[in-house]
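Please look over the sequence and the structure below.

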Amino acid sequence: MFSKILIANRGEIALRIIRACKELGIRTVAVYSEIDRNSLHVRLADEAICIGQASSTSSYLNIPAIISAAEITDVEAIHPGYGFLAENPHFAEICESCKITFIGPTPENIRLMGDKMAARNSMHKAGLPIVPGSTSVIKNKEDALKIAKSIGYPVIIKAAAGGGGKGMRICHNDLTLISNLMTAQAEAEANFGNANVYIEKYIEKPRHIEIQIIADKFNHIVHLGERDCSIQRRHQKLLEESPSPVVDNKLRKRLGEAALRGARSVGYVNVGTIEFLLDSDNNFYFMEMNTRIQVEHPVTELVTGVDLIKEQIRVAAGEKLRLQQEHINIKGSAMECRINAEDFENNFMPSPGKIETLILPGGPKIRIDTHIYSGYEISPYYDSLVAKVISWGENRADAIKTMLRALSEFEISPIKTTIPFHLRLLSNPLFLKGDFSTHFVQEMLKEEQKGEDV
Ligand code: MV4
């Protein structure tokens, strides 16, 4: 096992990783930007090194500064958390060449999954179902029209280097297809430095279902069931839950086996998530693979009892995975509400600032992952996540009741948050029935807007 690791991240995930290290007997090195000097990850780590100014490019994305900090403190490994450098194949390579273990998959796997079209082709070859569409780059309008004719409208244009919903265009006919193609290519070039786009049949109102996997370096791999991440707004997830209200044991087995087949086919190691779209007939299609620990990993931890961060560190250190698929059972139901410093009443406008009052919920079946405290200043430089409230219940209805109880205890001021959104969501009859798609939030907010107009 490692004796010392560096955490190349900030916020709640840095704390989560430091806590796992403490329990594993691993010493920790925090890195921080000038503005994060008073952050909890700096206080809780054994050592802390300032790596630059507030802007992410000067600090948490500053590879030379982070590698220098790792060399000075003589760590054996770097945990990248999520975001920042977590899915940067170049960073993983540099760690490797400096003889520092990158706690994650290989640079080759990160690079493959970063190219969404290559990932799609690779998973198709492995036998996973993919949405009908193109198997190579769309070069011109003739290519586009030919594909659209063969699969039928609506279609969606996606950037090969995109992902997470960025750079997508939905087209309903030849005319919009041709005009969207040019802008999609230009946008892809501008945003990702890669103009390559591909086309898929557009699945209307799907659910976003993702399977958590973990693999060791000895070809042993297990899946830990699904998370339903359909509750999102503009590709930002707001609530995630496990199990999905629409996935039964039979479907879970099929999704899990598909995920394992895909991961095995590329020799994947460490934690990963295979995203699927599930259509209204319960057909599923491979979408993307995330090669990092995800924000929503706690819901899987609560229903499986597996500490994903500890397991991730253990397999990176070359330990054998002790989990066996037949011993992984989904117990009860868990959900996570993302509390962002955003003004729900004001179109989710960012609401940074100093926290004056803070009362965090607690009690049975509630877990809070957060880095904030009374007197902490939420900076506008980084993402707006301030806390994750995660509830567990014997069943979904109980997990919802406990979540409502917890959110009603949560006091934070003067900054505005997404708590009022969650209170509304958790009392919506369709949500309570489990009847929703990736369009649900948009539809719910539009419906409420209408009510206000009358
Ligand atoms: C799609 C789709 C419908 N049809 N692909 C968005 C994020 C990226 N992971 C893939 N995304 C989508 N791809 C086809 N062929 C709809 C979405 C989509 C979506 C997916 C998951 C979660 C939220 C979403 C919101 C809008 C669109």
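Ser333 stands opposite Gly393 in strand 21. This is a predicted model, in which local features need pLDDT of at least 70, side-chain atom pairs count only at pLDDT 80 or more, and totals for chains, interfaces and linings use all residues. Residues are numbered from 1 along each chain as its sequence is written, and side-chain values use heavy atoms, with hydrogens and water left out.

**Sheet**

- Strand 14 (residues 333-340) and strand 21 (residues 385-393) run antiparallel and are joined by eight bridges; strands pair if DSSP finds at least two bridges between them.
- Strands (E, at least two residues) and helices (H or I, at least four) are DSSP runs, numbered from the N terminus.
- An open sheet of eight strands, with antiparallel pairing, has the order 13-12-9-10-11-14-21-19.
- Strand 13 (284-290) and strand 19 (366-370) are the edge strands, and each pairs on one side only.

**Helices**

- The axes of helix 5 (residues 107-114) and helix 6 (residues 116-125) come within 5 Å and cross at roughly 100°; axes are lines fitted to C-alpha atoms over the stretch in contact, and angles run from 0 to 180 degrees between N-to-C directions.
- Helix 5 and helix 6 are therefore roughly perpendicular to each other (65 to 115 degrees).
- The contact (heavy atoms within 4.5 Å) involves Leu112, Met113 and Gly114 of helix 5, and Lys116, Ala118, Ala119, Ser122 and Met123 of helix 6.

**Cysteines**

- The count of disulfides (pairs of cysteine sulfur atoms within 2.5 Å) is zero.
- For Cys21, the closest cysteine sulfur is in Cys95, at 15 Å, which is too far for a bond.
- For Cys50, the closest cysteine sulfur is also in Cys95, at 19 Å, again too far for a bond.

How values were computed:
Parallel < 35°, antiparallel > 145°, perpendicular 65-115°, else oblique.
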